[in-house]
Structure formats: structure tokens, C-alpha cells
Amino acid sequence: MNTKNELLRALRTIDHRGYPAYKSLKGSYDFGDYVLHIVHVQGDPFASPSELAVTMKARDARWPASACGRYETRVALQDMILRRFSSRLREVSGKAGGSGKSGSMNASCPGQEILDRSACQLGTEGDVTLRFYAGFPAAGRTVLAGELEKMLFRFLPGIVADTACADAWEAEHVRDVLNLAEDQAFLRGELERLSLCAFVADGAVLPRESGISQRPLKNALPFRSPEEDRITLKLPHHGIISGMAVRRGITLIIGGGYHGKSTLLKALERGVYNHIAGDGREYVVTDETAVKIRAEDGRCVSGDDISLFINRLPNHKDTTAFFTENASGSTSQAASVVEAMECGSRTLLMDEDTCATNFMVRDALMQKIVSEEEEPITPFSERMRALYEEAGISTVLVAGSSGAFFSRADTIIQMDRYEPKDVTERVRRIVPTEKKEGVSDFPREETGRGLGCTFRPDQSRRFPRPGADFQEQRGRVKHKNLGTEGFVIGHGETDLRLVEQLADREQSECLARTFLLLAKGEMNGRKSVAELVNDWEETFRKEGFGMYGEHGQLSGDMAKPRKEELAEAISRCRGLLWK
Ligand code: ADP
Ligand code: MG
């Protein structure tokens with residue numbers, strides 16, 4: 001390894017030379033408390049900024065070993081460090097001058113969710129890695145060494161010392177962050193123990209500032225659980241907390257328009273992630289396998305067994321292995337349900353605002369006119385009860401306009417001017433529970449062979465392998481991140497606009513890179529989608545972002561998605577071939 005003085009000397013010798021001279025700086029430099037890695041140098045001042053990293057040994061960073069040893073608290077610490085690192089870089093960005101992107105300094109900038117990000121990684125022993133970007137300064141197209149010297153020798157050392165070292169932080173702040181992480185982890189454990197789909201704390205703030213901002217709405221009415229559904233828990237740090245238990249089974253959210261139904265469901269969708277202090281949803285947690293289901297006309301469907309919902313299509317298409325490049329509302333939604341089941345989801349979240357009506361219900365009058373034999377769709381309302389009882393899959397459904405779900409729901413919550421009321425008893429007096437007929441309408445394993453439905457992961461019969469988009473051009477496969485809209489690999493776009501639990505553009509980056517990685521090996525037509533995503537999760541747990549390459553290849557713009565998002569991306573990628 002080189003010393004920082006060697007970097008300084010190298011810098012001074014390339015001053016005023018042509019811009020490509022910067023390339024010679026690539027390497028690692030010892031700055032005493034930390035090592036600076038110049039990982040990738042941009043080709044010209046207008047190209048994407050250069051990639052850098054800082055690594056600090058555990059004994060210099062001194063983060064508590066116990067917090068680093070546990071995934072949940074480690075991720076919370078990383079997130080805390082990154083937020084400050086990123087905002088401190090922003091303060092000095094552009095303070096060194098030149099043309100193009102000269103002098104820019106930035107790192108990943110987290111939103112409301114606490115995600116595992118490649119931009120800041122703590123090792124299990126407590127060593128710190130920070131990855132960031134810097135625009136190497138130029139005058140025209142010549143090196144401005146003095147300006148880069150300012151960035152790397154004047155600005156950066158203080159910022160690293162103030163963020164990567166535990167001693168620079170107020171102990172109280174660190175403790176709050178760790179306590180919240182432990183409380184959230186505890187709460188998630190409670191969901192399992194108490195058989196809940198979700199918990200929404202009293203006092204939580206659910207609505208967001210606007211359609212384009214995930215910050216909490218100011219002056220919102222805080223959440224207050226209905227008496228009937230309120231449970232009280234004791235968190236390890238926060239202490240006693242009360243809130244609404246969303247129990248396993250079928251939960252309906254009803255109510256008039258604009259009364260806060262979708263807002264509650266959205267909070268549940270995002271409850272699969274932890275939120276930062278001040279967000280309002282700190283203690284809103286949802287089963288981590290929950291998947292938002294919606295209609296998505298136009299999506300592709302590749303080999304899904306949707307026969308649970310759809311049979312006898314007019315063109316005689318096989319619905320036990322259904323393929324289309326252009327699904328209808330109902331077939332797209334049926335596909336999304338079975339795909340969620342395929343990868344082991346235990347909770348489905350749906351909002352009638354974004355559902356295909358004919359997939360959800362069919363009323364009596366329509367049944368009289370269009371006979372059973374003429375209608376390919378068995379609506380979700382007729383399957384959801386059995387989905388729960390036979391396959392253990394719960395549904396939380398916003399349904400403000402149809403009473404068809406009443407007789408099959410376990411709990412009915414009415415949103416009334418943003419306040420939830422439990423109206424289950426009242427509804428029961430009007431609409432009794434549908435009596436069980438002894439025989440389930442859900443095709444069990446024995447009886448269901450004819451329908452051949454894929455409701456267990458080990459029954460996944462979809463085996464993808466990479467198509468032409470994944471062919472290397474000059475030694476590599478190009479990809480482009482489109483943010484939460486998806487990504488492009490080769491010439492093929494994977495559209496994730498309607499995958500609503502994809503929370504962050506860096507998750508898309510991670511998905512695209514996961515595709516590239518899987519395409520080189522495991523995605524070979526022999527592993528099912530369920531196996532692929534479960535194995536990926538397993539590898540990530542062991543290796544973290546290390547699975548995407550060593551320093552030289554690893555960039556600071558990835559955030560971990562859930563395996564559910566990976567499965568959703570695989571199912572929506574048009575560049576794959578299916579057996
Ligand atoms: P619905 O789905 O019942 O039609 P929404 O959930 O879309 O209603 O909510 C309607 C509006 O009310 C949204 O603008 C939302 O931000 C706002 N809202 C929701 N909950 C609250 C609350 N607790 N306090 C204040 N405003 C809220
Ligand atoms: Mg709504």
C-alpha cells in the first residue's frame with residue numbers, strides 16, 4: 001500500500017497534464033486512521049464521477065462489538081453513519097472548482113427506510129467501509145491537482161473522522177438508534193409469536209407529505225386503534241406500547257372515499273421495512289413476506305400456473321403454464337398472486353383502487369347472465385378464504401365499494417375520518433359468516449392435481465435462464481438503473497413501476513446487478529424462481545454485498561431489496577427464457 005504522501009507527490013507531478021493522467025492515481029493510500037481507495041477514475045470531467053472508498057479498522061472506528069455482531073443493529077448503525085457522511089459531503093461538494101462535474105462529492109442519500117446499503121458497510125467485527133463519488137477537478141481537460149488535493153486532504157479527513165469513528169458521535173444519539181433497531185426487531189418477532197400480519201402503533205403518523213414525498217404529513221391525525229383490536233406490548237427499550245393488531249386471516253378495510261383506507265394500506269406495504277426516528281411509522285411493522293398485489297395490464301407472464309383463478313380461456317390457452325407478453329388486468333393480477341405464493345409470501349395486500357374488478361368479484365346478477373361455463377375467472381373473493389385456510393396466506397384488502405367480501409372476512413375495519421373502527425360485529429348482524437360446507441374450494445395437493453396449482457415454493461415449476469440481452473458485448477453486459485421504475489439490461493427493460501414495495505432506486509441497482517450475477521451461473525434453467533431467490537437471500541446473509549465483487553468492482557449505489565422484489569423482477573424481465 002502507498003502512503004498519503006505518495007499520493008500527494010503523484011498528484012503534484014500530474015498537475016496540468018491531460019485529464020487521463022488522473023488514471024495513474026488508482027490505488028490504495030494509507031491516511032493513518034483510514035485507507036483511501038481510488039477505485040475507479042472517470043475518463044473525462046463530464047463523465048460519471050470517480051468512485052472512491054474509505055476503510056477504517058475496527059480498532060480505530062470503535063463501534064460496540066455487540067451492535068456490529070447483529071444484522072439489525074449493524075444496518076441501523078450503517079444507516080446512521082451514512083446519513084451524516086452523505087450530508088457532510090454535500091456541504092463541501094462543489095467547494096473545489098473546475099469544469100464539468102469538478103469538485104462534486106457525494107454518497108448515497110437514504111430516504112425514510114433503513115436499508116442495508118453498499119455505501120456504508122460495517123463488518124461483523126466493526127470495521128467500516130464508506131463508498132462515495134468525487135468529480136476529479138479539471139480546467140478544460142487538464143488536471144487541477146491542487147483542487148483534488150483540497151478535496152482529499154482538506155475536506156475528507158475531517159468528514160471521515162466525524163462519521164466513521166464512534167467517538168465522534170453523541171453517545172445518546174447512537175443509543176437511541178440502536179434501541180429503536182432492537183425494538184423494531186423485537187416487534188417483528190412479536191408478529192410471528194402472536195400470529196399477526198401487522199402491528200400499527202397508537203400515535204403512528206401514516207399519511208405522507210405528498211405523492212412525491214415520503215416524509216410524514218404535518219398536522220396529521222395520529223393513528224388510534226379500535227378497542228377491539230388493541231394489543232399492548234412491552235418493547236425492550238421503549239417500554240409499553242399499544243396499537244392495532246392485524247391478525248392472520250382476512251382483514252377488510254372499508255369506509256367512505258377519502259377516509260384514509262389507502263393510506264393505512266400503504267403504511268402496511270412499507271411496514272416490511274424499518275423506518276427512521278421521526279418518520280411516524282417507527283412502530284408500524286408488517287410481516288416481512290407481505291406482497292402488494294395489483295392489476296398490471298401489459299406485463300409479461302412466464303409460465304405461471306394461474307388455474308387457481310383462470311381456466312378455459314377463449315383462445316384455449318393453457319392456464320397451468322400461462323405465457324403472455326401482454327397480460328390483461330385479471331390475468332396479470334392472478335399471476336402476481338401465484339408468484340407471491342410461489343416464493344413463500346404469507347400476506348397479500350390489495351387495494352381495490354388498483355385491482356381488476358373482474359378478478360376480485362362477480363355479482364349475482366352477472367352470474368345469471370354470463371353462465372359459470374362462459375366465465376374463465378374464479379374471482380379472488382371466492383378463493384381468499386381457502387387461500388388462508390389451506391395455504392396459510394392472509395389477505396389485507398381495501399374494499400370500499402363491494403360487500404362481496406363481508407361474509408368471508410375475519411375482521412372488518414372501517415376507516416372513518418382517518419380513524420379506524422372495528423365494525424366486524426355490526427357487519428355480522430347484517431351479513432353472517434359464510435358457513436363452511438366441509439369441502440374446500442381450494443385445490444389441495446391430492447385433489448388439486450387437475451388444477452395443478454403452484455402454491456408451495458417447492459412446487460415452483462418455472463425455470464428461467466438468460467436470453468440474448470445478457471450476452472456480453474466487449475467482455476461485459478451493460479445495465480442502466482431507471483430508479484424505482486426498473487432497469488435495463490442489454491436492450492431489454494424490466495418495468496418495475498408497479499412493483500410498489502420497491503422503495504429505493506438503489507434497490508433497483510442491486511436487482512440489476514443480481515441479474516447479471518445470476519445470469520453467469522445459477523440462473524441456468526435448472527433452478528426454479530423460488531430456489532433462485534431463496535439461495536440469493538441465503539448468500540446475501542453470509543456474504544453481504546461482497547457477493548457482488550471485491551473493492552475494485554463494488555460500487556456505493558446498491559441497497560438490498562427483499563427476495564420478494566427479486567422474484568417480482570425476475571417475473572417481469574422480458575429478457576429471460578423459460579423452460
Ligand atoms: P381513501 O383510500 O379512503 O379514499 P386515502 O387514504 O387516499 O383515502 O386518504 C385521503 C387523503 O387523506 C390523503 O390525501 C391522505 O394523505 C389524507 N390522510 C390520510 N390519513 C390521514 C390522517 N390520519 N390525517 C390527516 N390526513 C390523512
Ligand atoms: Mg383509496
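**Figure 1. Arginine 294 and its salt bridge with glutamate 500 in the predicted model.** Arginine 294 counts as buried because its relative accessibility is 15%, and buried means under 20%. The closest N and O atoms of the salt bridge between glutamate 500 and arginine 294 are 2.9 Å apart. This pair links distant parts of the chain, as the two residues are 206 residues apart. Arginine 294 sits in the loop between strand 19 (291–293) and strand 20 (301–304), while glutamate 500 sits in the loop between strand 29 (492–495) and helix 13 (505–519). Arginine 294 and glutamate 500 also belong to a network of salt bridges that includes Glu269 and Lys292. The structure holds 44 salt bridges.

**Figure 2. The salt bridge between arginine 299 and glutamate 339.** The closest N and O atoms of this pair are 2.7 Å apart. Arginine 299 is buried, with a relative accessible area of 4%. Glutamate 339 counts as buried at 6% relative accessibility.

**Figure 3. The salt bridge between lysine 560 and glutamate 537.** The side chains of lysine 560 and glutamate 537 meet at 3.2 Å, N to O. Lysine 560 is in the loop between helix 14 (529–543) and helix 15 (563–572), and glutamate 537 is in helix 14. The two residues are 23 residues apart, and the pair links distant parts of the chain. Both lysine 560 and glutamate 537 are buried.

**Figure 4. Serine 555 and its polar contacts with arginine 513 and aspartate 557.** Serine 555 is found in the loop between helix 14 and helix 15. Serine 555 counts as buried because its relative accessibility is 2%. Its side chain makes a polar contact of 3.2 Å with the side chain of arginine 513. Another polar contact, of 2.5 Å, joins the side chains of serine 555 and aspartate 557.

**Figure 5. The surroundings of ligand 1.** Ligand 1 is surrounded by 13 residues, and the closest are Leu221, Tyr258, Lys261, Ser262 and Thr263. By class, this shell has 6 nonpolar, 6 polar and 1 charged residues. Oxygen atoms of ligand 1 take part in several approaches to the protein. One is 2.7 Å from a polar backbone atom of tyrosine 258. In the side chain of serine 262, an N or O atom is 2.8 Å from an oxygen atom of ligand 1. For threonine 263, the distance from a side-chain N or O atom to an oxygen atom of ligand 1 is 2.6 Å. Taken alone, ligand 1 exposes 570 Å², and the protein buries 78% of that area.

**Figure 6. Tyrosine 258 in a nonpolar surface patch.** Tyrosine 258 is located in the loop between strand 16 (250–255) and helix 7 (261–270). Tyrosine 258 counts as exposed because its relative accessibility is 76%, and exposed means over 50%. Together with Leu221 and Tyr418, Tyr258 forms a nonpolar patch on the surface. The accessible area of these residues together is about 390 Å². Leu221 and Tyr258 are also among the residues closest to ligand 1.

Conventions
Residues numbered from 1 in each chain as written. Chains lettered and ligands numbered in written order. Predicted model: local features only at pLDDT ≥ 70, side-chain atom pairs only at ≥ 80, totals over all residues. Heavy atoms only, no water. Patch = residues over 30% accessible without salt bridge, like charges linked within 9 Å, V, L, I, M, F, W, Y side chains within 5 Å. Areas by Shrake-Rupley, 256 points an atom, 1.4 Å probe, with all protein chains shown as cover. Salt bridge = Lys/Arg side-chain N within 4 Å of Asp/Glu carboxyl O. Helix = DSSP H or I, 4+ residues; strand = E, 2+ residues; numbered from the N terminus. Buried < 20%, exposed > 50% of the residue type's maximum accessible area, 1.4 Å probe, protein only. Near = heavy atom within 4 Å. Polar contact = N/O pair within 3.5 Å; in protein donor to acceptor, adjacent residues only side chain to side chain. Nonpolar A, V, L, I, M, F, W, Y, C, P; charged D, E, K, R; others polar.
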